[in-house]
Amino acid sequence: MATPLVYRRYGGSLQVDIPHFDALVEAIHIPETQWMATACPLEGLQCDPRFLSFMDADGNGRIRVAEVREAVKHTAKLLQSRKGADARSDVLEMDALSPEGAKLRAAALRILGALKVTDTARISLEQVRASEKVLREAGLNGDGIVAPAFLPEKVRGLAARIMAAFPEVKNRAGQAGIDPPTLQRFREARAALLTHMAQKEAVHVWGEPSLERARRIAAVKPLLDAYFLQCRVVAAQPDAAASLKLPAGRVEGALGDTAALEKAAAVLPIAPPKPSGGLTWAELYRGPAFEVLEAFRKDVAAPVTADAEKLSDAAWKELSSKADAVLAWQATFDASPVRGMVAELPSIADGDLATLEAASQADLALKEELDAITELERLILFQRWLLPFANNFISMPDLYTAKKRALFEKGTLILGGRKYTLAVLAQPRAAHAALTSQGTTCILYVQVTPREGGPGYEVAVPVTRGRSAYLEVGKRGIFHDVEGKEYDALVTHVFRQPVSLWEAMTMPFQRIGRFISSKVEAFASSGDKAFEEQLEKGYASTTAAATAAATAPGAAPAAAPAQGGGLAGLIAAGGIAFAALGSSLAFIVSQARSLTLVDVLSAAITIAAAVMLPAGLFGWLKLRRRNLALLLEGSGWALNDRLMLTPDLAALVTRKPRLPKGSTIDRTDSLRSTVSALRGDEEAEQEEGIPGLVKLLVVVLILGALFWQARAPLARFACGHQWLSSQTCGALLPAETPPPGTATPSPSSAPPPSAAP
């Protein structure tokens, strides 16, 4: 009976619930569009690598929907009881196997027997993997390749010699051995070589020295073949004999040139060609080949032909033919792989070869049974991992559970007083960041490095709560992987987005603050530079004047520098700037006097609202659109649905742990107590010093008094140059003292009173 499926809502997405294996059997039949993922990479999944290799049936490095379905069907066919799969156990109960798993049961029993385990009702993944070494060491490989150590002692030596004659083959245990194909090749090579050896006497007509004489004949064959061919040419056309000699001019031109003489001599015949076709050894030219031919005459030609004076064309052809036959026979012998065993080939018994073949066939007969061990390992791995894998592929409930870890999670990042529980592999980072940058989630890219050294990896970590302002590149923390191992962590890249609504609303002010700070710093820097330049110019002009006066004591005094240059100009410019600043301050004060506290608060609230409300609205929209699916898709996943970052999920992903239960907080600042104690030791020094607040107050009072005393001259100067408006000047100057440049109306200039009506 089919198990009815239940769909649940996780973080806004509807996902099928797969609590047990029977539900998984039904879940694989739902349309692919309802699966959370349709493909995922093998890299980055926290499960048994061997399980992933079994899942990746086509070996392309990715797991697809069809491969998941096939794995579930295969497991369901072999298990009649799914309790082990529901428990995610790596121990297989024998009773859980269906009739289709009979071969797996036989393989399991052989493993338990090899391991000498008394409990044959169950087998674990650890036992299956341990059995491979035991079986291999016992010489049971199932590939038909038997190492000499596992053969009967009588035939071990023969097996070693046969193995040495052919290319080495190794069994699954990595041991060199002998197999049926090697034995078959040996039988064929032995028969061929024995037949070939039977022809040796007929071919080696010169007895033991036949091979040596054949090689000597082959060495001079080009020279003698050319000579007898020249004899045929001369016999057919006697005038050709003159052409086979060197012209006198060529010889004269080569005199004194050793290389040219050698080249000329090399093209001459070895002896005068005769129409009769015979070679008289006494007529050999003393050319480059003279010594070789003379040795050949003594060692080969004369003993074989019994004629030490000359060699006929027919005799040479017979010698050449017999030498070719010897060399061809030797080439065939040298090509035989068993030539090194030629002495013992006739004495090798067929029974010994049959013993070797029987051992290989016995091992090969175990192939099906031993191959079932691999299938047994696959079944146990599927029982252990298929259900959690489906809950991270077809559905993803573990992502929304605090007590469970999704298979694609790498660990937990501790950084800046917060715990970030979600981290996924991000390699390569550039491709991953290119996708996540399209979203609205704040992402940290963190380099994870083992403390004991070695290669690390990079993870992407979403920031879902708190503040992102203090998360900068170069910030360090620690990283705990899913197995609890601790690593060093370094932030390498930050994709900054608002983490909370308040941060979204205050981000514009942060940008304004950074802008103003940068401009003020730039202005201060440029002001310092200009001030230094003015000082440098003033110092240079003063030094030049002093030098001129010193060199010309009787000369007239130097003219005073221009009013606007040197130190005086700098002081005048500073005074003008101070006056302008004071007038601006006075204008601001006069305008502020007319504002009430309500007006100031209303203006501040209006400005803040004008900035924060639009920023808050856009921030709220961004926070609602945060999608963790981009995090996985950047790692190579193919997802059908979004993984919306709801407030509950945000609280689960980024947390700030509370203080331990039962702990209390002492509000006393320990630093103040320490500093007070230090001040007690430095009482004499403190008595002589002046508190910083008093110093600041004194400076403010002095500056205020100076400004108050100089207010009227500065105001008159500024108003006289029309730097300030008339309204500001009226506020700064007394009423009885009109500003310079302002005409005082006289009684005579007043307009006459108008006539009475």
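**Questions about a predicted chain**

Visitor: Among contacts in the chain between residues at least 6 apart in sequence, what percentage join residues at least 24 apart?
Guide: This is a predicted model, and its contacts can be sorted by how far apart the two partners lie in sequence. When those between residues at least 6 apart are taken, the share that join residues at least 24 apart is 68%.

Visitor: Are helices α8 and α15 roughly parallel or roughly antiparallel to each other?
Guide: Helix α8 covers residues 180–198 and helix α15 covers residues 313–335, and they pack with their axes 10 Å apart at an angle of about 155 degrees. Angles over 145 degrees count as roughly antiparallel. The two helices, α8 and α15, are therefore roughly antiparallel.

Visitor: How many nonpolar residues does the contact of α8 with α15 have?
Guide: On the α8 side the residues are L193, H196 and M197, and they meet W329, T332 and F333 in α15. Sorted by class, this contact of α8 with α15 has no charged residues, two polar ones, and a nonpolar count of four.

Visitor: Is E458 buried or exposed?
Guide: E458 is found in strand β15, which spans residues 457–463. Leaving aside neighbours within four places in sequence, E458 is in contact with several residues, including V424, Y445 and T492. Buried means a relative accessible area under 20%. The relative accessible area of E458 is 10%, so E458 is buried.

Visitor: What distance separates the C-alpha atoms of E458 and T492?
Guide: T492 is one of the residues in contact with E458. Along the chain the two are 34 residues apart, while the separation of the C-alpha atoms of E458 and T492 is 8.9 Å.

Technical notes: Residues numbered from 1 in each chain as written. Predicted model: local features only at pLDDT ≥ 70, side-chain atom pairs only at ≥ 80, totals over all residues. Heavy atoms only, no water. Contact = heavy atoms within 4.5 Å. Axes fitted to C-alpha atoms, helices over the stretch in contact; angles between N-to-C directions. Helix = DSSP H or I, 4+ residues; strand = E, 2+ residues; numbered from the N terminus. Parallel < 35°, antiparallel > 145°, perpendicular 65-115°, else oblique. Nonpolar A, V, L, I, M, F, W, Y, C, P; charged D, E, K, R; others polar. Buried < 20%, exposed > 50% of the residue type's maximum accessible area, 1.4 Å probe, protein only.
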